[in-house]
Amino acid sequence: VNQFGGRVGGPIKKDRAFFFFSYDGQRTNFSNVLEVPVIPVALQPLLLPKLDPYKVDRNQDVYMLKTDIGLNDRNHLTVRFNQQNFTGNNNENGGPLSAEEHSGNSVARTTTLSGALTSALSNTVINEFRLQYGRDREPGEANSDVTEARIQTGGGFFQLGRNNFSPRETTIKRVQFIDNISYVRGRSNWKFGLDVNFDRILNFFPGLFSGSYTFPSYTAFANNAPSAYTQNFAGANTTGGTTEPNLSEYAFYVQDDWRVSDKLTVNYGMRYEYTPPTWEGYFPDGYSNFNPNLPNPAAGGRLGASEFAGEGPGRTGKSTMYEACVSPASCRSCRSRAPGSSTSTAAATSSPPPPRPCAASSSSGRGGSGAGAERGRAHRNAASMSSRWRRSRGPRPRSACPTARIRTCASTR
């Protein structure tokens, strides 16, 4: 790992305006060496060229520029710009049994612009207004457009072709407004504030939409005789692997520091937060809910299964997951997924089945072993932004069953 950087700062105008700039760069590179068990002679001309070690690079550049400006004796302005660029060549998937064509580049571009204006409205009232805009774009690329093939080697599956979760993309745009007022009166120091946050999210995760062949041995691969073929398809009237789990948050607080005496100060206050359930921009029923009281047919009737809003087999018959809630316990983990996708797993054939939705589902999408695979998960997007731009009030609250009737959950694969 090579790390380097620097910082510089100074006055723009004496006693009025200042600036500060910093830069940090990191360069990491290593070779991904394949360790595939002995390949039959007949297959060596085809497979040996895919066993060459390949380079994995992880390059990151982080910039920060900040200015502090005294506008006048009562107003102070702070503006801050952050930029983080990450490029991971062949970072989507890796390991001793994953060929270079089974990987791809992971990219992240994160931009944040924030400002704060502090104003002394009077000798007893101070107002602080903060504004933030952020954008986080994290696409994952694929090195191949050939359908994935997994060959059982006796020491694990050798993976060729395009991995089953790339190309993908998660892009989050955030706008946040915060205003705080401090008011001193007698022995009390009152504080009032509001916090409004909007996340607009685009998530594209076509897990297994390009298909995947499974070969039980080298011999089966040589004879073009897979034991299974799995592929996901977009369900009718859905957006397939594309979702928009947008989020809005609203909060208000009031508190007082009451100095009862020189030896006793009492702190008290109240905070109200409202976080509506995540809603879809493209497809209004793109959510499911885990119900711990619902029998799971795939687990022999054991309690605990996903349920889906909407009409049709396996659905609640309700238009939203809120209407389907029978108790707060049944709505603890409403989560976003690819809406309405179905999975088809076919017996071994030498060619894939026709692209049509199938009701049967005996397999599901698998992630890869690389860091990019984890980053491609459907919910990493919102969690990533929350960790990058965590506000001073702490972690984002998670809502259960809403108290108002709001569009939420529905079908997935």
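**Salt bridges and core**

Guide: Start with Arg259, which pairs with Asp262 in a salt bridge, their closest N and O atoms being 2.9 Å apart. This is a predicted model.

Visitor: Is Asp262 buried or exposed?
Guide: Asp262 is exposed, at 71% relative accessible area, while Arg259 is partly exposed at 39%.

Visitor: How many salt bridges are there in the whole structure?
Guide: A search finds nine. One of them joins the side chains of Lys50 and Glu101, at 2.9 Å from N to O. Lys50 is in the loop between α1 and β3, and Glu101 in the loop between β4 and β5, so the pair ties together parts 51 residues apart in sequence.

Visitor: And what does Arg137 pair with?
Guide: Arg137 forms a salt bridge with Glu169, with 3.3 Å between the closest N and O atoms. Strand β6 holds Arg137 and strand β9 holds Glu169, so parts 32 residues apart in sequence are tied together.

Visitor: Changing topic. Which residues touch the most other members in the largest nonpolar core?
Guide: Val36, Leu47 and Phe158, out of 20 residues in that core. Helix α2 gives the most to the core, with three residues.

Visitor: What is Leu47 in contact with, beyond its neighbours within four places in sequence?
Guide: Ile39, Phe158, Leu160, Tyr218 and Phe221.

Visitor: What is the average pLDDT?
Guide: The average is 78, and 71% of the residues score at least 70. Over residues 321–413 the pLDDT is below 50. Where pLDDT is low, the predicted coordinates should not be read in detail.

Key: Residues numbered from 1 in each chain as written. Predicted model: local features only at pLDDT ≥ 70, side-chain atom pairs only at ≥ 80, totals over all residues. Heavy atoms only, no water. Core = buried A, V, L, I, M, F, W, Y, C linked by side-chain atoms within 4.5 Å. Buried < 20%, exposed > 50% of the residue type's maximum accessible area, 1.4 Å probe, protein only. Helix = DSSP H or I, 4+ residues; strand = E, 2+ residues; numbered from the N terminus. Contact = heavy atoms within 4.5 Å. pLDDT = per-residue confidence, 0-100. Salt bridge = Lys/Arg side-chain N within 4 Å of Asp/Glu carboxyl O.
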